[in-house]
Amino acid sequence: KKMQASFSHVVQALADQTSRELGAEDIWGAFDHAYLVTTGKRFQLVDWSETHSGPDRIFAGKLTIDGTPRSVSGRGNGLMSSVIAALAESGGPIMDIVDYSEHAIGQGSNVQAAAYVECRTADGKSLFGCGLDTDVATASVRAILSAANGA
């Protein structure tokens, strides 16, 4: 619900800019640009892996940060907290996860997963992100990077 409220400002700005009623394609395009497209954004996922060390999970990723390829890593109690740690250690925003949800898009063995995340920065700002992938874990990583790109 909070993400919908935040996204409604994007939709309203587009409606004001175009001075016309928006259709489903317009709204999907705005959502895609706001949350899914990574071209030109600060954080872009190239590749990643996860390992375990006792109770901790370690995220090791290859990201493009501000146009420069970088290897990053972070440790946390789960995949998402380790991604957030890797971002913080790489000059990204310091965030905490407030809410997370996921669902399948379609049905069958080639279904895509959609992951949605709300993060809060140290100064209390809410950032929303969305990630799509056939792998739910990768969709979750993409969602966190999407939120970080909103900082």
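Select Cys119 and Cys130 and display their sulfur atoms. In this predicted model, the sulfur of Cys119 has its closest cysteine sulfur in Cys130, at 13 Å, which is too far for a bond. Cys130 is likewise in no disulfide, as the nearest cysteine sulfur, that of Cys119, is 13 Å away. A disulfide requires the two sulfur atoms to be within 2.5 Å, and the count of disulfides is therefore zero.

Are these two cysteines buried or exposed? Cys119 is buried, with a relative accessible area of 0%. Cys130 is buried as well, at 2%.

Next, turn to the nonpolar interior. In soluble globular proteins, nonpolar side chains tend to be buried together. Select Phe59, Leu63, Leu87, Met95, Val141, Ile144 and Leu145: within the largest nonpolar core, which has 26 residues, these touch the most other members. Now colour the elements that each supply at least two residues of this core: strands S1 (43–53), S2 (56–65) and S5 (112–121), together with helices H3 (79–89) and H4 (136–149). Which of them gives the most to the core? It is H4, with seven residues.

Centre the view on Leu145. Setting aside neighbours within four places in sequence, Leu145 is in contact with Phe43, Leu45, Leu63 and Leu87.

The last stop concerns aromatic rings. A pair of aromatic rings is described by the distance of the centres and the angle of the planes. The whole structure contains five aromatic pairs. Select Phe7 and Phe31, whose rings are edge-to-face, with 5.4 Å from centre to centre and 85 degrees between the planes. Phe7 belongs to helix H1 (residues 2–18) and Phe31 to helix H2 (residues 24–36), so this pair ties together parts that are 24 residues apart in sequence. Both Phe7 and Phe31 are buried.

Trp28 is partly exposed, with a relative accessible area of 48%, whereas Phe31 is buried, at 14%.

Definitions and conventions. Residues numbered from 1 in each chain as written. Predicted model: local features only at pLDDT ≥ 70, side-chain atom pairs only at ≥ 80, totals over all residues. Heavy atoms only, no water. Buried < 20%, exposed > 50% of the residue type's maximum accessible area, 1.4 Å probe, protein only. Core = buried A, V, L, I, M, F, W, Y, C linked by side-chain atoms within 4.5 Å. Helix = DSSP H or I, 4+ residues; strand = E, 2+ residues; numbered from the N terminus. Contact = heavy atoms within 4.5 Å. Phe/Tyr/Trp six-rings, centres within 6.5 Å; stacked < 30°, edge-to-face > 60°.
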